Amino acid sequence: MNIVVCVKQVPDTATIRFESEAERVDISGATLIVNPMDEYALEAGLRLREEYGGKVTAISLGSKETEETLRTALALGIDEGILISDPLFEGNDAYVTSYVLAQAIKKLGLFHLVLFGKSSSDSDTGWTGPAVAEFLGIPDVTFVKKIEEISESRARVQRMMEEGYDLIETSLPAVFTVVKEINEPRLPSLKGKLKAKSHKIPIWTANDLDLDSTKIGKAGAKCEPLRVWVPEARKGGTFFQGEPEDVAAQLVQALKKQQII
Amino acid sequence: MAYFNGVVGVAEQRNGKLQSTSLEVLTVARKVADDLGTEVTAILLGSSDGDTLAERGANRVWMVSAPELEHFQAGVYNQVLGHLLAELKPEVIVGAATIAGKALFGRLAANLGTGLVSDAVAIETDKEKRTVAVTRSVYGGNAMAQWVVRTLPQIITIRSKVYGEAKPKGEKGEVIQKDVPRELFSSPAKWLKSAEEQGQSVNLNQADIIVSGGRGLRGPENFALIDGLANAFGGAVGASRAAVDAGWISYAHQVGQTGKTVNPKLYVACGISGAIQHLAGMQSSKCIVAINKDPEAPIFKIATYGIVGDLFAVVPALTQKLKAQNE
């Protein structure tokens, strides 16, 4: 089974500086990590390969530093990592990113499954996976929490819903976006880390892909960012003290007064 | 650009029941249409309550009924909506950022060759440019970003519980059954069945009140306390990542960066210290109550009401108090 995992490099939220007075988000000093949800997609790919054989390829669209994200994926045990990087991709929105990823997946050739994490921790839109599926003309299942059955031509999976799950049967190739419940990701082994260090990571530029140059970067973007700001930090409020019965009474009274209950 | 006109609100039904988020969608669709001086067409796929939409602000409701539309199927819904939208050519499409909405609108944007800004928490219509600027939270709710779609139709999805439900208006719109070509009903990904989560209510996105438990509960059996308090409040049960990873409760309950983002009227965090990843999923709640024995817990920095104390004493006392009030 040939599996493509789309991974994104993101700044670790806990290391970003949010400056509410300067209205600025400073990611220059942030630690760059594999998008946390993508770890589940990588693990799902690795487990499928272990059971059914084949190959797992990770692709990532980003700056040159994104190579590190692919090395992390290689250390986990994927077979190949491909970096899609070009200054021409600056200003890509989710629509253009999906278009470029779809063209890169086509270039990879035969595949059965494309995996994504359900969303990214920075922009959290969650729509790249379904959009890639539409560009590829293949079905997608989002929020997959369990793969019940799978072959190279069909799969039966559980899609998480608000109040339970839907059981979906789909033909392959298909795109799945996965949620955390699907597995528990492994940690990279020392051997994996060493191997990843010297592994060659090809870089594909816009020229290497069959792309319409008017449809990429800022010119191709369908959405335009207007501004980013840091809202004033939420402040702590009132503390209630005393015996449990007293604090319970005070809290209920406060909630009633605020018409919350 | 007169070619594009009107606002579409995409409603959602589950097992035939019109979802409350659809009435929130209608509120936003109506507001944008009023700002632009145009009309709202609500689209409802599958048999459900189109009259309510027509009574609450939709100038017309387009309904399509077919067995294949009774349950959400992203591929089929995308095809049918794409067909209807080609006829309507709206300027703006408003949908809900539910799990189904997240699956559907990304595909639809690619299908229509247009942009989507998801999870709106605020919108601002520019009447001259006829665009809608959308504010959404990024970096786990620590920052906000404003975006605009610069192609038509502009697709927007809204986060649940931000906008009120549309109220009945004096006049009623028209409810129209639409026929679409049958071939649109087939898709390679098929719904087989739906299964409900057993036990506690997990529809965190539609809950007005959520009571969450964390590591401070010390074991799965103590989630009974959280259940009890959630019941007394008439709310749903949430959990921190620590509690889910320990296997005390299922992932469907997880609030935070790798779980659900919620926005209830009241969020009660019991035995949750408040890691940034947890705060990412709940800090926009209107009122936050924290119960924790550690006065230094970060959750207190954002809590509207804080109780430093033993949850094993405070939670039962609070449950009792609420029950007494309810009687």
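Residues are numbered from 1 along each chain as its sequence is written, with chains lettered from A and ligands numbered from 1 in the order in which they are written. Because the model is predicted, local features need pLDDT of at least 70 and side-chain atom pairs count only at pLDDT 80 or more, whereas totals for chains, interfaces and linings use all residues.

We may start with the interface, where 71 residues of chain A are in contact with 75 residues of chain B (C-beta atoms, placed from the backbone, within 7 Å). Helix α7 (residues 244–257) of chain A supplies the largest share of chain A's side, 9 residues; helices are DSSP runs of H or I with at least four residues, strands are E runs of at least two, and both are numbered from the N terminus. By class, this side of chain A has 41 nonpolar, 14 polar and 16 charged residues (Ala, Val, Leu, Ile, Met, Phe, Trp, Tyr, Cys and Pro count as nonpolar, Asp, Glu, Lys and Arg as charged, and the others, Gly among them, as polar).

Strands also pair across the interface (pairing requires at least two DSSP bridges between two strands). Strand β11 (residues 164–171) of chain A and strand β13 (residues 189–196) of chain B run antiparallel, joined by 7 bridges, and A:Glu169 has B:Lys190 as its bridge partner. Strand β14 (residues 223–229) of chain A pairs with strand β10 (residues 143–149) of chain B in the antiparallel sense over 6 bridges. Here B:Met144 stands opposite A:Trp229, and B:Met144 is also the bridge partner of B:Ser137. Within chain B, β10(B) is joined antiparallel to strand β9 (residues 131–138) by 6 bridges. Their hairpin has 4 residues between the strands, and B:Tyr139 takes a positive phi near 50° there.

Turning to helix packing, the axes of helix α2 (residues 67–76) and helix α5 (residues 190–198) of chain A come within 7 Å and cross at roughly 135° (axes are lines fitted to C-alpha atoms, for helices over the stretch in contact, with angles from 0 to 180 degrees between N-to-C directions). This angle makes α2(A) oblique to α5(A), since angles under 35 degrees count as roughly parallel, over 145 as roughly antiparallel, 65 to 115 as roughly perpendicular and the rest as oblique. A:Arg71, A:Leu74, A:Ala75 and A:Leu76 in α2(A) meet A:Gly192, A:Lys193 and A:Ala196 in α5(A).

Notes:
Contact = placed C-beta atoms within 7 Å.
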